[in-house]
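Have a look at the picture, then read on.

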Amino acid sequence: MKHSFALDVENYELWLSPGQHGYRLHLDDEVFAPVSFSHELDGSGTLVIASDTIPVKFAIDGDRLYLHIRGRTYILRYRDQLRTLACLDDQASHLVARAPMPGVVIATKVSRGDVVSGGATLMLVESMKLEFVVRAPRGGVVERIHFGVGDSFERDSALVTFSEEGR
Amino acid sequence: MQTLPFDTVLIANRGEIAARIIKTLRKLGLRSAIVYHDADADTPAVSMADTAIAIDGCSPIAAYLDAHQIIASACRAKAGALHPGYGFLSESAEFARAVERAGIAFVGPSSESIELMGDKIRARRFVQRSGFPVAPSAVEEDDPETFPSRARALGLPLLVKPSAGGGGKGMRIVRNLDTLDDAIAHARREGLRYFDDGRLYVERYAENPRHIEVQVLGDSFGNLIHLFERECSVQRRFQKIIEETPSPALSPKLRKEVCEIAVGIARSANYRNAGTVEFIFDGREFYFLEMNTRVQVEHPVTEMVTGIDLVAEQLHIAAGRPLRLSQSDIVSKGHAIEARIYAEAPERDYVPTTGKILMLEYPQREGVRIDSGIVQGQQITTAFDPMLAKVVVHSSTRRDAALASERVMRELVLLGCETNIDFLARLFADETFLSGQIHTGYLDENPHVAAGQCASDLPAVLAAAALLTRPVRDSADAVPTLHAEIGKWRN
Amino acid sequence: MQRIVSRVDTKSQDFRLNVLHNRRLATELKERQRSARFDRPARDLGRLRQQNKLFVRDRIEALLDPHTPFLELSALAANKAYDGEVPCAAQIVGIGIVAGREVIVHADDASVKGGAWYPLSVKKIVRALDIAIENRLMVVHLCDCAGGFLPLQAEFFADRYHAGRILRNQSVLSKMGVPQVAIVMGHCTAGGAYVPALSDYNIIVQGTGAIFLGGPPVVKAATGEVVSAEELGGARMHTSVSGTSDYFATSEMHAIAIARDIVAQMKRPTKEAIPQSAPEPPAYDPSELYGIIPKDPRAQFDMREIIARLVDGSRFHEYQPRYGQSLVCGFARLHGYQIGVIANNGVLQNESVLKGAHFIQLCDNNRTPLLFLQNTTGFMVGREYEERGITKDGAKLIMAVSGAEVPKLTVICNGSHGAGTYAMAGRAFDPRFMFTWPHSQISAMGAEQAAGVLTHVKARQLARDGGRLSDQELAAIREPILEEYRERSSAYYATSELWDDGILDPRDTRNALSIALSASLNTPIEVPHYGIFRM
C-alpha cells in the first residue's frame with residue numbers, strides 16, 4: 001500500500017525505499033535515485049534528486065506541507081491511508097441512516113422515491129423521553145423506510161435506506 | 001518640516017495601511033496610536049504603534065466601524081489627528097464630522113466632500129453639471145416607473161450598480177435584456193446587504209475598458225494639484241489586482257487631458273486633502289466613474305515615481321497648512337507596478353483562503369517596496385479583506401518593472417496559506433500583460449493566467465514531500481536493507 | 001576468498017543447446033505458475049466482483065510494502081492433484097515485507113472452489129505455519145474460506161498433520177510470542193472460525209466478513225433459528241458484542257491498512273548475528289546457469305560453476321579441495337551473509353562423506369548457515385566400499401546434518417536419489433527451506449535403473465509361469481513403468497505434493513535463498529550438540 005499525497009486536485013501515490021546512497025523515490029513506473037534532504041536552518045534545506053540539487057523552503061502543519069521550490073509554492077496534504085480508507089467507506093455506509101440509540105418512531109417526514117439532500121429531516125423519533133430528528137447523512141433517493149409510526153427499533157437499526165439514483 | 005499642531009495621530013485602521021502610516025509618523029517624529037481588535041493583536045501595526053488601544057465589537061469588522069469607541073480611544077491617546085486609512089470609516093462623513101467635533105483633525109477631506117462623493121448618483125450629477133463627461137446612464141430614483149425602460153434605452157451592454165458602495169459589490173453586467181430584471185434584483189439585494197441602501201442606477205458599459213485614475217492633492221486654500229494617473233485595469237470581480245503608473249494606454253496628450261479633468265472635478269468640489277478621481281477609458285474618452293475621498297490602496301506606485309510621501313502630505317494638509325508643492329514640482333520618473341497579494345485561490349475562481357502564516361520571507365531588493373500587514377505566526381481568517389501585502393516595484397521601464405515583479409514573486413516565500421503569489425508571477429510573465437494590452441476583461445479573456453499550470457517539478461516536489469513526511473520516511477527506514485536491495489521481485 | 005575461475009565455454013555448442021533447453025523449461029515453469037495464479041473460470045471471478053471482494057493476489061499486493069520482494073512458496077502445490085482443478089492448492093503462502101517486517105502471508109484463494117480446504121491446502125497451511133514457527137516469522141492470514149472439502153475429509157481431518165495442526169501451530173506461535181494478524185474477508189466457518197480467533201489480532205470486513213461455528217443453514221437445521229450471516233457473525237456483532245474480532249473495517253482495503261498498522265506496532269525479532277559484509281552480485285551472470293545445467297540429466301557438471309553464479313562476487317573459500325572431491329565444501333557469502341556450501345560433485349564416497357560431516361561441524365561451531373546443493377545419485381555401492389564402511393561413514397554425515405543447529409537451506413539442482421537425498425538435507429531433515437529446479441528428478445532410484453529393476457521383477461514373474469519374453473514384450477512392459485516412474489519423480493510432482501517449498505527458475509535462486517536465509521536468522525542458533533557418530 002503506497003503513500004498518497006494530494007496536490008491541487010490530484011492525488012499522487014508514491015513510495016520511498018532505502019537505497020545505497022540516500023533514498024529511492026518510486027512514482028508510477030519511474031524511479032528517482034538517489035533522493036535526499038538535508039536540513040539547514042528552520043524551514044529550509046537542500047533536496048537532492050538524481051543529479052539535481054534544489055534549495056527548498058518548507059513548513060509543515062499537521063498533514064499539510066507547504067513547499068517553496070524553484071520559485072513556486074506547493075501545498076500538499078499527506079493522505080493517511082487509514083483515515084482516507086475509513087472515510088471513503090463512511091460515505092458508502094451513509095447510504096443508510098441508522099438509529100443512534102433505541103427508540104420509537106413518532107413521525108416519518110419522507111416517502112419512498114423522495115429526493116432528499118444531505119441534512120434533510122427524515123424522521124422524528126423518541127428515545128429516553130427525548131425527541132430527536134434523524135437526518136439524511138447525504139443526498140439521495142429514499143429507497144426504503146424501515147419503520148412506521150409507533151414502531152420501535154434497536155440501536156444501529158437501519159431506519160432509512162437511500163439509493164444514489166438520479167444523483 | 002515645520003512642526004505640526006499635533007504630536008500624536010490615531011490610526012483608525014489595521015493591517016498594511018496602518019503599518020505604512022506609522023512609518024511616516026515615525027519619519028515625521030510624531031507619536032502613533034492605534035486601535036485594534038483582539039483578532040489583530042499580533043499584527044505588525046499593533047506592535048509598531050507607540051500606543052495601542054483595544055476595541056471590541058460583535059465582530060472584528062464591527063469594532064473598526066464603531067466610531068464612538070474609536071473617537072474615545074483617540075481622546076484617551078490625546079491624539080490631535082486621526083488618520084482613517086482606507087475602507088472602514090474612511091469615507092463616512094458622519095464619522096469625519098464626529099472626529100472634528102471631538103476637536104481632532106480628520107486626515108482627509110471635509111465631511112461635505114465625503115458626502116458629495118460618497119453617493120455615486122449625487123457625485124455623477126455634480127460632475128455632469130460641472131461640465132465633465134460621465135457614461136450614459138439611467139438613475140432609478142429619478143423616476144422609478146420609467147427606470148426599466150430608460151435603462152433599456154441606453155443600449156447594451158449595461159452595468160447595474162448600487163448607488164452606495166464600491167469594491168465591486170452588487171455590480172452586474174447585462175448583455176441580454178432578458179436578464180436585466182434579475183441583475184437589478186441582485187444589485188438591490190447586495191446594496192441592501194452591504195450598504196443598507198437599495199438604490200440603483202444603470203449605465204452603459206464599455207466593453208473591455210481601461211480603469212484610469214488620477215491622484216489629486218488639495219489644501220484648504222484652494223490649491224489643487226495632480227500627481228499623474230494610475231492604471232488599475234487588471235481586475236477580478238471588479239477588484240483591482242495590479243496597479244501601475246504611468247498607464248501604458250495614454251499618450252502625453254491623453255495624460256494631460258485626464259489629469260486636467262480630474263483637477264477640474266476636484267476644484268469644482270472644493271476638494272481638500274488626498275483624493276482619487278476614477279475614470280473609465282474606452283480608448284478615446286474618459287468617463288467619470290467615482291471619486292475616492294481617501295488614500296488609495298495603490299497610492300505607493302505614485303509615491304515611487306514621484307518620490308512624494310502622500311501620507312506626509314495628507315498630515316500636512318490636515319494640520320491646516322498650504323500645499324508645499326506646486327504642479328511643476330511633480331515629476332514622474334520611470335515606471336512603478338503594484339501587485340496585491342491576496343489569501344485566495346485564483347485557480348478556484350479566486351475563493352478566499354485561510355491559514356496560518358508559517359513562513360514569511362520578503363526579498364530585499366533595490367527598487368522594491370513591500371507594504372505588509374502580516375507577520376509569521378499570524379492566523380489568516382475570513383474576518384477581514386483577504387489582502388495580505390502589496391509588492392511595489394519601481395524600474396526604468398514598464399517591462400523591467402514587470403519582470404522584476406515576477407522575480408520578486410518567485411523569491412517571496414509565504415507558506416501556510418494559499419495565496420495568489422504564483423498567479424501574480426504567471427501574470428507578470430504573460431506576453432499580453434507585458435505588451436500593455438490590458439483592460440478590465442483581461443483575466444477573463446486570458447483564463448490560462450488564473451488556471452495555473454501543472455507542477456513542472458513534480459518529482460522534486462513529491463520527493464521533498466516524501467522526505468519531509470515522517471510516515472513516508474519511517475516506512476522506508478523500516479524495510480530491511482536486503483529486501484530493499486532486491487526491490488520488487490516475484491518468483 | 002578467491003573468485004572461482006569459470007571453465008565454462010559460453011560459446012560452445014553444448015552451452016548453447018543447454019541454454020535453449022533450460023530456457024524452455026524456465027518459460028514453461030513461469031507459464032504454469034502464471035496459469036495457476038491467474039487462470040480462473042470467469043464465473044468465479046464474476047462472483048468475487050459481485051461480492052465486492054478483491055482477487056487474492058491484489059489483496060496481497062496491497063498488504064505488502066511496495067517495491068519489496070515477495071517469495072512465494074509452493075505456487076504449484078496440487079498441480080498434479082484433483083485433476084488440476086485446485087491451482088496453488090487454493091492457498092497463497094509467501095514471505096514478504098509488511099511495514100518493514102518480514103512476515104509469512106497466508107491467504108485463502110476464494111476464486112478456487114470458494115477457497116475450500118483440500119488435503120493439500122491443509123498441508124500447505126500447516127507447512128506455512130511450520131515455517132513461521134521455525135523462523136519466528138509473524139503471520140498475516142487473509143481468511144476467505146468456504147470450509148473443508150467434505151468428500152475428502154478423511155485425508156485432512158483427523159491425523160496429526162491434518163487441519164487440527166493449523167490451530168495447534170497457531171497456538172504454538174502465540175505462545176512463542178510470534179504475533180499473527182488475521183483479516184476476515186469472507187466467511188470463516190467451523191474450524192476455519194478459529195483461525196482469526198487464535199490470531200493475536202484480527203480485523204473483520206463489514207458486509208463480507210463473518211465468523212461462526214455454524215453458518216445460517218447449520219443453525220437452521222440444528223435449532224430452527226433463522227438468522228442472517230451478518231447478524232450471526234458479522235463485523236458489527238463481533239467487534240461490538242462478542243469481542244471475537246478486534247477491528248471493524250469498512251472495506252478490504254481499509255482492513256489491509258489496519259493490518260499494516262498493527263504489524264508496524266510489533267517489535268522486530270533480533271536477528272542472529274552471523275558474520276556479514278556488504279553484499280556483492282556474483283561476478284558471473286546467473287543467466288549462464290541455463291548453459292551449465294546439462295540437457296541430459298545424467299551428464300556430470302562441476303557444481304563450482306553453479307556456486308559461482310549464486311554467491312557474492314563468485315568468491316569461494318574451498319575446504320579440503322584435494323580430498324573427497326565428489327563433495328565440494330566451502331565458505332561463501334550470500335547477500336553479505338556468510339554461508340557454508342555443501343555441493344555434490346559426483347557419487348558420495350567415504351572421503352567425501354567424512355569431509356562433509358567435518359565441514360558441517362565447522363560451520364555449526366562458527367554459526368554459519370548451511371546451503372546444500374543436491375545433485376546426487378546416492379552413496380557408492382559395492383564390496384570395496386562396504387568394507388571401507390560406506391554405511392558407517394554415511395551415518396556420520398546423516399548424524400551431522402540432523403544435529404546441526406544452524407539454519408539449513410537445500411536446493412535440488414538436478415538429481416536427488418537414494419540415501420543421498422537424505423544425507424544432503426532432504427525434506428525429512430527439516431531444512432528451513434527447500435527448493436528445486438524445474439528439470440530435477442527426485443526418487444529412491446534413478447528412473448532408468450528403477451524401470452530396469454521393475455521390468456526385471458515383472459519378467460521374472462512371467463517367466464515363472466513358463467513364458468519367455470521377447471525384446472518387444474520387455475519393452476512394452478518397460479515403457480509404461482518408466483513413464484509413470486518419471487512422472488512421479490518429476491519436480492512438478494514433488495512440488496504438487498509439497499515435498500519442497502517450490503520450484504525456482506535457476507536465475508531466481510540467489511534472491512530466493514537470500515530472503516529465506518534472512519528469515520531463518522530470526523531464530524537464535526542453539527549451541528552445537530550431536531548424537532553419537534559411529535566411528
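Predicted model: local features only at pLDDT ≥ 70, side-chain atom pairs only at ≥ 80, totals over all residues.

## A first tour

Chain B splits into domain 1 (8-107), domain 2 (136-204), domain 3 (210-451) and domain 4 (459-491), with bounds that come from an automatic or database domain assignment.

Residues are numbered from 1 along each chain as its sequence is written, chains are lettered from A and ligands numbered from 1 in the order in which they are written, and side-chain values use heavy atoms, leaving out hydrogens and water.

| Domain of chain C | Residues |
|---|---|
| domain 1 | 1-8 + 271-444 + 490-535 |
| domain 2 | 40-265 |
| domain 3 | 447-488 |

Between the C-alpha centres of domain 2 of chain C and domain 3 of chain C there are 47 Å.

Within chain B, helix H11 (residues 299-306) comes out highest at 98, while strand S17 (residues 351-352) is lowest at a mean of 80. Helices (H or I, at least four residues) and strands (E, at least two) are DSSP runs, numbered from the N terminus.

Over in chain A, four strands form an open antiparallel sheet in the order S9-S16-S14-S11. Strand S9 (96-98) and strand S11 (115-116) of chain A are the edges, each pairing on one side only. Pairing here takes at least two bridges found by DSSP. S11(A) meets strand S14 (residues 140-145) of chain A in the antiparallel sense over two bridges, and Val116(A) sits opposite Gly140(A) in S14(A).

Now, where do chains C and A touch? The contact (heavy atoms within 4.5 Å) takes 16 residues from chain C and 10 residues from chain A. Together they bury about 1,300 Å², 65% of it on carbon and sulfur atoms; buried area is the accessible area (1.4 Å probe) that two parts lose on being put together, summed over both. Pro66(C), His67(C) and Arg236(C) supply 40% of the area that chain C buries against chain A, more than any other three residues.

Conventions. pLDDT = per-residue confidence, 0-100.
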